[in-house]
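Subject: Structure handover

Hello,

I am passing on the structure we discussed. Please look it over before reading the notes under it.

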Amino acid sequence: MSREARVGALLALLAAALVALPLAANSYFLSVATLVLYFAYTGQAWNVMMGFAGQLSLGHALYVGLGAYAAAALFTQFGIGPWAGMWLAMALCVAAGVAIGFLAFRFGISGVYFALLTIAFAEFTRIGFDHIGWLGGPGGLFLKVEAHKTTDLANLRGGQTMFYYVMLALAAGAFALCAWLLRSRAGYYWRAIREDEEAARALGINTFRWKLLAVAISAAMTSLAGVFFAFYYNNLFPEQIFHISQSIEIILGPIVGGVGTLFGPILGAAMLTALADALNNLVAAMGWDIPGVKQVFYGVILLLVVMFVPNGIWPPIAKRLGLGRGG
Amino acid sequence: MSASLIANVVIAGVLTGLVYGLMALGLSVIFGVVRVVNFAHGEMMTIAMYAAVLLFGAFKLDPLLAALPVAALFFGLGYALQAGLINPFITRPEHSQFILLVAVATILTNVLLMVFGPDARNVQTDYMLDSWAIGQVLFDKARVFAALAALATAAGLFTFFRYSRTGTAIRACADNHLGALIVGLNVKHLYALTFGLGAACVAVAGCIMTLLVEVAPSVGPGYTLLGFVIVIVGGLGSMLGALLGGVLIGVSEALAGLFIDPSAKSMFSFGLLILVLLLRPQGLLGRKP
């Protein structure tokens, strides 16, 4: 088989398994699978900025939070549903991302400094939302939870299976978009910028504009994850959704799976979510009910992965399957 | 609002800020030389705070004295951490270093949580509620002692880097990594030494911080972020800048707490950080990269 045929076969298998999953899985397993898809999606979105264009963001919680609050505020205060609200969410996040990117890139901020700037904006916004009384402040914003007997896709009210398929559609869309982006003109420009920005500029690439485009696309994608978050969990707290731990969770999947690859974020999200779930069960089964045990195991495993598989888990697997570098 | 109240708040802010500055000094020294951002800095400080609380509980040892053995221990741990774990990462991309140190931070925080539980602890020295009064202006004894200890530690570190042979060698590594290798410096050893010194700084800062605030396992990430804000404002890699940044942030926190709302105080710190990054990205006292 050619490389394209093998990738196609792998994708078809994966898609078939994911579409058929609700037939076989119970509600609990489906909720874990939804979480995997959620992190695969956000990982894919972060990867556009870091993996493709080489701009390290450690503040992606900003876009999740803004997207979630925008859609939830429209829904709770004005009765506007998520399919309309998501456009505002996206617009808001693109504006925020472009503003941050514009300031940073205009003033020549890069590397560690850029990463710390993204943290600063997310933290600034987190504390700011704590003081917006109209949106609940630190007490949180709640969406009305009705008995989820009927599936109301127009308002994203429904059961686990509906949310699973919505998240699957988002993740599949993100995968297709990223695959297309990588082959587009933007994808080649981004990778040129990632490898050597000065050389890219010397070749006549307007690096400022293409970096901004990467931030805008990444922010727009992440905002939809926020909209989903709001309607899936039905409660939003600034302390949680804008918190740096949210940003860290978003980037763990693609880094463990393989930065800059298409399958890496998916594989990383699956492995980390499965790991967290397995640790939950292990800790419960062994009776180690001390708070912190699970996180220590998680930290140790993370440490071992970054030490011994520095480029992520997917690239070596891709090589073995004859899929090239996994890109 | 009286002038003396404002003066009291500003003085408390300056004194606390010097301790913040010492903590950030550790971060700045490590970044300035090893070029690794220590994302586990606040968590290391939290461990030092617990060490001071435990030593006080067991031997009634004053945190100002506990700082000496804890700093020595942290120097060793920092050396080992750099030589064993971080050194292979210095040539890897930043996101890789970030995850490594986030993993270390996660382990540290949660080991504390496992061992000590989530409740806050503190020390109670007999001078903690005393103060000196000069006219209307009060100087908390604990804060004054803490600030003096922070200044003394920082002065010691300055002297070491400025005048000792090893300190000069470390500065040579920071200035020119390749050149340092060429003239035969043992860069790996010097990097580990630097990390150890940074860890010792944060250990002293953590011990004396227990005179001012209580400690719980969950405070670590907040101190990490605070450290970033301070070193960026002061200038990453600049030692004097870290102290200046600490004082600025200490005062701005205190004033924001007085005039606006205590819960909004770190918003001002982050606002200041964003302004400095945009207008003077190398920080107030930093050199242009």
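This is a predicted model: local features need pLDDT of at least 70, side-chain atom pairs count only at pLDDT 80 or more; totals for chains, interfaces and linings use all residues.

Chain A overall

The secondary structure of chain A consists of 14 helices and two strands. Its radius of gyration is 20 Å, close to the 20 Å that the globule rule gives for 327 residues, so chain A is as compact as a globular protein of that length. The C-alpha trace of chain A spans about 60 × 45 × 40 Å along its principal axes. Of the 327 residues in chain A, 46% are buried. Among contacts in chain A with a separation of 6 or more, 76% are between residues 24 or more positions apart.

Helix 12 of chain A covers residues 264-286, which is 23 residues. From first C-alpha to last it reaches 32 Å, close to the 33 Å expected at 1.5 Å a residue. Its buried residues are A:Gly264, A:Pro265, A:Ile266, A:Leu267, A:Gly268, A:Ala269, A:Leu272 and A:Thr273. What do these buried residues pack against? The partners are helix 2 (27-52), helix 11 (244-257) and helix 14 (314-320) of chain A.

The loop between helix 11 and helix 12 of chain A contains A:Thr261. This residue counts as buried because it has 26 C-beta neighbours inside 10 Å, and the cut-off for buried is 20 or more. The C-alpha atom of A:Thr261 is separated by 9.8 Å from that of A:Val48, although the two residues are 213 residues apart along the chain. Just after helix 12 of chain A comes A:Gly287, with a positive phi of about 75°.

Two residues are listed here, one from each chain. A:Asn234 is not a glycine, yet has a positive phi of about 65°. It sits in the loop between helix 9 (207-233) and strand 2 (235-236) of chain A. A:Asn234 counts as partly exposed, because it has 14 C-beta neighbours inside 10 Å.

In chain B, B:Lys60 has a positive phi of about 55° and is not a glycine either. The loop between helix 2 (41-59) and helix 3 (63-86) of chain B holds B:Lys60. With 9 other C-beta atoms within 10 Å, B:Lys60 is exposed.

A helix pair in chain B

How do helix 1 (residues 3-34) and helix 8 (residues 187-209) of chain B cross? Their axes come within 8 Å and cross at roughly 170°. That angle makes helix 1 of chain B roughly antiparallel to helix 8 of chain B, since angles over 145 degrees are counted that way. By class, this contact has 19 nonpolar, three polar and no charged residues. Residues on the helix 1 side include B:Val19, B:Leu22, B:Met23 and B:Gly26. On the helix 8 side they include B:Tyr191, B:Phe195, B:Gly198 and B:Cys201.

Contact between the chains

In total, 33 residues of chain B are in contact with 38 residues of chain A. On the chain B side, the elements that give two or more residues are helix 4 (94-116), helix 9 (220-234) and helix 11 (265-279). Helix 4 of chain B gives the most, with 15 residues. By class, the side of chain B that touches chain A has 24 nonpolar, seven polar and two charged residues.

Regards

Technical notes
Residues are numbered from 1 along each chain as its sequence is written. Chains are lettered from A and ligands numbered from 1 in the order in which they are written. Helices (H or I, at least four residues) and strands (E, at least two) are DSSP runs, numbered from the N terminus. The expected span of a helix is 1.5 Å times one less than its number of residues. A residue is buried if 20 or more other C-beta atoms lie within 10 Å of its own, exposed if 12 or fewer, and partly exposed in between; C-beta atoms are placed from the backbone. Two residues are in contact if their C-beta atoms, placed from the backbone, lie within 7 Å. Axes are lines fitted to C-alpha atoms, for helices over the stretch in contact, and angles run from 0 to 180 degrees between N-to-C directions. Angles under 35 degrees count as roughly parallel, over 145 as roughly antiparallel, 65 to 115 as roughly perpendicular and the rest as oblique. Ala, Val, Leu, Ile, Met, Phe, Trp, Tyr, Cys and Pro count as nonpolar, Asp, Glu, Lys and Arg as charged, and the others, Gly among them, as polar. The radius of gyration is taken over C-alpha atoms; the globule rule is 2.2 Å times the number of residues to the power 0.38.
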